[in-house]
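Try each task before you read its solution.

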Amino acid sequence: AAGQERKTERQQRLRACGKGAIMRLFGKKKETSKSSGRVSPEEAIRKLNDTAEMLRKRQAFLQHQIEGETDQIKKLLREKKDPNNRKKAQTILKKRKLKEKSVDTLEQQIMNLETQVLTLQDAVVGVDGYKAQRVFTDAMKNIHEGMSIDDVEEQNMDAEEQLQMASEISGALAKPVGGQEFDEDELNEELEQLEQEELDKELTEVSVGDLELDESAMPAAPKGKPSLMPVPAQAETDEDRQLQELMESMQ
């Protein structure tokens with residue numbers, strides 16, 4: 001009976017050792033898999049910069065289209081013979097407004113990416129400063145070894161919060177902008193402003209020479225001292241003649 005008990009106890013120890021070995025084996029594989037998926041700060045910064053550059057190109061492309069559509073609107077407003085030109089200009093203006101909103105959205109996305117890059121760069125500088133203050137060469141490894149389950153849980157909570165925030169931001173950026181209503185009064189007001197700009201431009205192109213007076217058509221100025229018209233002698237009256245005759249007879 002004693003031998004049987006010792007045999008049973010030995011078997012239980014072997015089973016416990018086997019379970020421990022299996023746990024250690026799977027634990028190491030999980031840790032290796034986690035470490036292999038880690039992204040370095042330099043790689044993250046490079047990906048963020050590449051994405052920001054792609055968004056800038058898209059923004060420049062849309063801006064070029066906006067400028068071309070603005071020229072089309074002005075051209076349609078100048079050609080007043082076709083009554084449908086104003087309606088066509090209004091349609092193009094709606095498209096231009098949608099692209100202007102896309103440009104604004106891209107600008108905000110680019111700003112967010114640049115902020116993330118600066119944050120990562122600051123974090124890298126901070127880590128370098130921390131390493132410089134350490135007296136041993138493997139500071140990051142010691143930091144990882146010193147982590148507790150509380151630190152991991154807190155980090156997971158922070159990661160979930162950041163993922164939730166990123167998801168909300170992505171959802172806000174991905175909201176469709178099609179089908180929105182336009183204010184007809186606002187569109188007409190903007191069309192009138194563009195039409196007034198074209199009218200002002202046409203007025204400024206009027207040649208100043210067309211407004212000047214032709215000096216050759218003006219009468220020549222008189223030369224020399226103007227001559228006075230002779231004053232006609234006043235006709236003699238009967239009384240004057242009688243007086244003259246009287247004076248002659250007295251001589």
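Glutamate 114 is partly exposed, with a relative accessible area of 36%; partly exposed means between buried (under 20%) and exposed (over 50%), using a 1.4 Å probe and protein chains only. Before we start: this is a predicted model, where local features need pLDDT of at least 70, side-chain atom pairs count only at pLDDT 80 or more, and totals for chains, interfaces and linings use all residues. Residues are numbered from 1 along each chain as its sequence is written, and side-chain values use heavy atoms, with hydrogens and water left out.

**Exercise 1.** Find the salt bridges that arginine 56 makes with glutamate 114 and glutamate 53.

*Solution.* 
- Start with the rule: a side-chain nitrogen of Lys or Arg lies within 4 Å of a carboxyl oxygen of Asp or Glu.
- Arginine 56 meets glutamate 114 at 2.6 Å, N to O. This pair links distant parts of the chain, 58 residues apart, with glutamate 114 in helix α3 and arginine 56 in helix α2; helices are DSSP runs (H or I, at least four residues), numbered from the N terminus.
- Arginine 56 also meets glutamate 53, at 3.4 Å, N to O. Both of these residues lie in α2, 3 residues apart, about one turn of the helix.

**Exercise 2.** Is glutamate 198, the partner of arginine 78, buried or exposed?

*Solution.* 
- The two side chains form a salt bridge at 2.6 Å, N to O.
- Glutamate 198 lies in helix α6 (residues 184-204) and arginine 78 in helix α2, so the pair ties together parts that are 120 residues apart in sequence.
- Glutamate 198 has a relative accessible area of 7%, so this residue is buried.
- Arginine 78, at 40%, is partly exposed.

**Exercise 3.** Which residues are linked with Arg96 in a network of salt bridges, and what is the count of salt bridges by the rule?

*Solution.* 
- The network joins Arg96 with Lys97, Glu100, Glu186 and Glu190.
- The count comes to 13 salt bridges.

**Exercise 4.** Locate methionine 165 and describe the nonpolar patch it belongs to.

*Solution.* 
- Methionine 165 sits in helix α5 (residues 149-173) and is partly exposed, at 40%.
- Together with Ile169 and Leu173, Met165 forms a surface patch with about 240 Å² of accessible area.
- Patch residues have over 30% relative accessible area and no salt bridge; like charges are joined within 9 Å, nonpolar side chains (Val, Leu, Ile, Met, Phe, Trp, Tyr) within 5 Å. Areas come from the Shrake-Rupley method with a 1.4 Å probe, and for residues only the protein chains shown count as cover.

Conventions
Helix = DSSP H or I, 4+ residues; strand = E, 2+ residues; numbered from the N terminus.
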